[in-house]
Amino acid sequence: MTYSYDDQNIFAKILRGEIPNNTVLETEHCLAFNDIEPQAPVHVLIIPKGPYVCYDHFANAASEAEIVDFTRTIGEICRLMDIGPGMGGNGYRAIANTGKDGVQEVPHFHMHILGGRDLGRMLR
Ligand code: 5GP
């Protein structure tokens, strides 16, 4: 595996406290915060604290504790934002843009959680 992590990316700076963020939830291994340019009434970004470039990097290299914490954090964000269908919410979309074809802007793995309105079809 060859992933090159740029520790000057904007989310690394957020994790180091060098630039502010609107935190929704912080856990041992993750930070969840509101997107600066929300595309829906709910638009939360969930990032691992570890230096992972993208989802497959995280999936292959993160510890089980990090992976469990990340997944549980997504569940907790759905609960906090009232968007989980099993909790009476109307649903959401989870997106991990990856690499060039996935048009990933920030090279620190992050999951977008979007909801609060009908998001329409993603791809036809
Ligand atoms: P990507 O295209 O990499 O999946 O999305 C990166 C996301 O990060 C975009 O939705 C963008 O609005 C968000 N973003 C970029 N810079 C900042 C920032 O400084 N603070 C926050 N909260 N979000 C940011």
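**Entry 1. The largest pocket.** I began with the lining of the largest pocket, which has 12 nonpolar, 9 polar and 4 charged residues. I noted at once that the model is predicted. Next I asked how many residues line the largest pocket, and which of them lie nearest its centre. The lining has 25 residues, and those nearest the centre are F11, D35, I36, L45 and E105. Helix 1 supplies the largest share, 3 residues. I also wrote down the space in the largest pocket, about 580 Å³.

**Entry 2. Helix 3.** I moved on to helix 3, which runs over residues 64-80. I counted 17 residues in it. From first C-alpha to last, helix 3 reaches 24 Å. That is close to the 24 Å expected at 1.5 Å a residue.

Which residues of helix 3 are buried? I listed E66, D69, F70, T73, I74, I77 and C78. I noted that E66 and D69 are on this list. Then I checked what the buried residues of helix 3 pack against. I found strand 1 (23-26), strand 2 (30-34) and strand 3 (42-48) among their partners. Helix 2 (55-61), strand 4 (92-95) and strand 5 (111-115) are also partners. I looked just past the end of helix 3 as well, where D82 takes a positive phi of about 60°.

**Entry 3. I67.** I picked out I67, which is found in helix 3. Is I67 buried, partly exposed or exposed? Its relative accessible area is 28%, so I67 counts as partly exposed. Buried would need a value under 20%. I then looked for contacts, leaving out residues up to four places away in sequence. I67 touches F58, A59 and A62. I also checked I67 against I46, 21 residues apart along the chain. Their C-alpha atoms are separated by 12 Å.

**Entry 4. Salt bridges.** How many salt bridges does the structure hold? I found 4. I looked up some of them in turn.

- E18 and R16: their side chains meet at 2.7 Å, N to O. E18 is partly exposed at 49% relative accessibility. R16 is partly exposed too, at 39%.
- E26 and K49: their side chains meet at 2.8 Å, N to O. This pair links distant parts of the chain, 23 residues apart. E26 sits in strand 1, and K49 sits in the loop between strand 3 and helix 2. E26 has a relative accessible area of 52%, so I marked E26 as exposed. K49 has 31%, so I marked K49 as partly exposed.
- R79 and E76: their side chains meet at 2.7 Å, N to O. What separates R79 and E76 along helix 3? About one helical turn does, because R79 and E76 are 3 residues apart in helix 3. R79 is partly exposed, with a relative accessible area of 42%. E76 is partly exposed at 26%.

Definitions and conventions. Residues are numbered from 1 along each chain as its sequence is written. This is a predicted model: local features need pLDDT of at least 70, side-chain atom pairs count only at pLDDT 80 or more; totals for chains, interfaces and linings use all residues. Side-chain values use heavy atoms; hydrogens and water are left out. Helices (H or I, at least four residues) and strands (E, at least two) are DSSP runs, numbered from the N terminus. The expected span of a helix is 1.5 Å times one less than its number of residues. Buried means under 20% relative accessible area, exposed over 50%, partly exposed in between (1.4 Å probe, protein chains only). Contact means heavy atoms within 4.5 Å. On a 1 Å grid over the protein atoms alone, a cavity is a set of points where a 1.4 Å probe fits but cannot get out, and a pocket is an open set with protein on both sides within 12 Å along at least five of seven lines; lining residues have an atom within 4 Å of a point. Grid points are joined across faces, edges and corners, and a volume is the space filled by probe spheres set on the points. Ala, Val, Leu, Ile, Met, Phe, Trp, Tyr, Cys and Pro count as nonpolar, Asp, Glu, Lys and Arg as charged, and the others, Gly among them, as polar.
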